[in-house]
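The sequence and the structure are shown first, and the description follows.

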Amino acid sequence: MTGTIYLDHGHGYKGTEQGYDPGAILGGAGAHPEPHQTEAVLVRFLGAALQAELRRLGVEVVTVPELGRYAARHAWVAAEAKATKARGLYVQLHGNAGGGRYGLMEFDARSVVGMRAAGIVAAQLPRDIPELTLGRTVGLKVGDRGHTCLSGIWPIPGLAGLILEPAFLDTKEHVPLWSGGGISLMARSMARGLQLALAPAGP
């Protein structure tokens, strides 16, 4: 599999009905972050770094516009992929919360391609990032929490969807990963994994 990365970002502006969703807070409940230390902002810093790393590796990246609800973003990706006959991966960035030491890669449980890609990225992260004890993958079924982040990607020919949550925002050991140097490290690792995931599968 070769192709394009459609890069999207979780949380942020969700349209007039839902408004602005900041997501989780760096440092967890009780923390008093600066305005730039919310998940919505931090994953956009991470996205900028990831885009730069992917392009450095020669991977084509298309940034999904901030269109509010995920359904609107997925519709935009569908139209863009149809117009350009693109194949590849839709990647939505998030941070995790709830206390953990792993990186989490989620995919639509109906997608074999998504399962393979999630496994490759999940295996890459702990090789590069000592703070991660392992990389986990979870297949999201229709109706599962979080599946709406990917549900509109499944019908698009040639694309598979991933949710990448490379580190926790409320785990003490992971908080430095959301700084400048840590964001660069996570971006390099995810870019390596995604580049491998886009490579054709062996026989």
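## Sheet and helices

In this predicted model, strand β5 (residues 88-93) is joined to strand β8 (residues 159-165) by 6 bridges, and the two strands run parallel. Within this pairing, Y90 has G161 of β8 as its bridge partner.

These strands belong to an open sheet of 6 strands, arranged in the order β4-β1-β5-β8-β6-β7, with mixed pairing. At its edges stand β4 and β7 (135-140), each of which pairs on one side only. From one strand to the next, the twist averages 25 degrees.

Strand β1 (residues 4-9) is mostly covered, since 6 of its 6 residues are buried. In a regular strand, side chains alternate between the two faces of the sheet. In β1, T4, Y6 and D8 point one way, while I5, L7 and H9 point the other way, and all are buried. Residue Y6 takes part in both pairings: Y6 stands opposite V62 in β4, and Y90 is its bridge partner in β5.

| Strand pair | Bridges | Residue pair |
|---|---|---|
| β5 and β8 (residues 159-165) | 6 bridges | Y90 and G161 |

Helices also lie against the sheet. Helix α1 packs on the sheet and touches β1, β4 and β5, and its direction makes about 170 degrees with that of β1. Helix α3 (residues 112-128) lies across β5, β6 (103-108), β7 and β8, and runs at about 175 degrees to β6.

Helix α1 (residues 39-56) packs against helix α4 (residues 180-198) as well, at an angle of about 50 degrees and with the axes 8 Å apart. The two helices are therefore oblique to each other. The crossing in which α1 passes α4 is right-handed. On the α1 side, the contact is made by L42, F45, L46, A49, L50, E53 and L54; on the α4 side, by I183, M186, A187, R188, M190, A191 and L194. Of the residues in this contact, 12 are nonpolar, none is polar and 2 are charged.

Conventions:
Residues numbered from 1 in each chain as written. Predicted model: local features only at pLDDT ≥ 70, side-chain atom pairs only at ≥ 80, totals over all residues. Heavy atoms only, no water. Axes fitted to C-alpha atoms, helices over the stretch in contact; angles between N-to-C directions. Helix = DSSP H or I, 4+ residues; strand = E, 2+ residues; numbered from the N terminus. Parallel < 35°, antiparallel > 145°, perpendicular 65-115°, else oblique. Left-handed = near helix turned anticlockwise from the far one by under 90°. Contact = heavy atoms within 4.5 Å. Nonpolar A, V, L, I, M, F, W, Y, C, P; charged D, E, K, R; others polar. Buried < 20%, exposed > 50% of the residue type's maximum accessible area, 1.4 Å probe, protein only. Pairing = 2+ DSSP bridges.
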